[in-house]
Amino acid sequence: MKQSHAEVVNIAEHKHPSMKKTKKSYCMPEDWTAVALGFVFIALVLAVLQWKLVDLRHFIPTFRWTTEAQINAFKPEWLRTLHDIRRDIEAKQPQDAVKLIDEMINALARQD
């Protein structure tokens, strides 16, 4: 006797519950949501830059050489900070870090 398609599907669903039909979800999975949000963000940034809604000429960084006088002005604060860090590290006992701090202090003292 030949079984109808509906009977075969019912038998399969009874034996294997994982074969039951599930409702279609109209939500995107998390991965594709991240891709869509990334695309929207990139498109938004490009639109803002294309239509000059933000003028980036005011955000140009200026790089300058640090003079020896400026370094010497920072040196006392750096040394105080290094000594504080060294004291904290000595309490925790990692000797390799203490050596690195000592080398930095000596380099500042030698003006390397």
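Ile 85 counts as partly exposed, at 35% relative accessibility, where partly exposed lies between buried, under 20% relative accessible area, and exposed, over 50%, with a 1.4 Å probe and protein chains only. This residue is found in helix 3, and its C-alpha atom is separated by 8.9 Å from that of Val 98, 13 residues apart along the chain.

The structure is a predicted model, in which local features need pLDDT of at least 70 and side-chain atom pairs count only at pLDDT 80 or more, whereas totals for chains, interfaces and linings use all residues. Residues are numbered from 1 along each chain as its sequence is written, and side-chain values use heavy atoms, with hydrogens and water left out.

**Fold and confidence**

The protein chain has 4 helices and 0 strands, in the order α-α-α-α along the sequence; helices (H or I, at least four residues) and strands (E, at least two) are DSSP runs numbered from the N terminus. The average pLDDT, which is the predictor's confidence in each residue from 0 to 100, is 81 for the protein chain, and 78% of the residues score at least 70. Where pLDDT is low, the predicted coordinates should not be read in detail.

| Confidence in the protein chain | Element | Mean pLDDT |
|---|---|---|
| Lowest | helix 1 (residues 5-15) | 60 |
| Highest | helix 2 | 93 |

Of the 112 residues of the protein chain, 7% count as buried. The accessible surface, computed by the Shrake-Rupley method with a 1.4 Å probe, comes to about 11,000 Å², of which 63% belongs to carbon and sulfur atoms. Among contacts (heavy atoms within 4.5 Å) with a separation of 6 or more, 27% are accounted for by residues 24 or more positions apart.

**Lys 75 in helix 3**

Lys 75 lies in helix 3, which spans residues 68-92. Lys 75 is buried yet has no salt bridge, and the nearest side chain of opposite charge, Glu 68, is 7.1 Å away; a salt bridge is a side-chain nitrogen of Lys or Arg within 4 Å of a carboxyl oxygen of Asp or Glu. Leaving aside neighbours within four places in sequence, Lys 75 is in contact with Leu 108 and Gln 111.

**A nonpolar surface patch**

A nonpolar surface patch of about 1,100 Å² is made by residues including Phe 41, Trp 51, Leu 56 and Phe 59; such patches consist of residues with over 30% relative accessible area and no salt bridge, with nonpolar side chains (Val, Leu, Ile, Met, Phe, Trp, Tyr) joined within 5 Å. Leu 56 is placed in the loop between helix 2 (30-50) and helix 3, and is partly exposed, with a relative accessible area of 46%.

Terms used
Lys, Arg positive; Asp, Glu negative; His and termini not counted. Patch = residues over 30% accessible without salt bridge, like charges linked within 9 Å, V, L, I, M, F, W, Y side chains within 5 Å.
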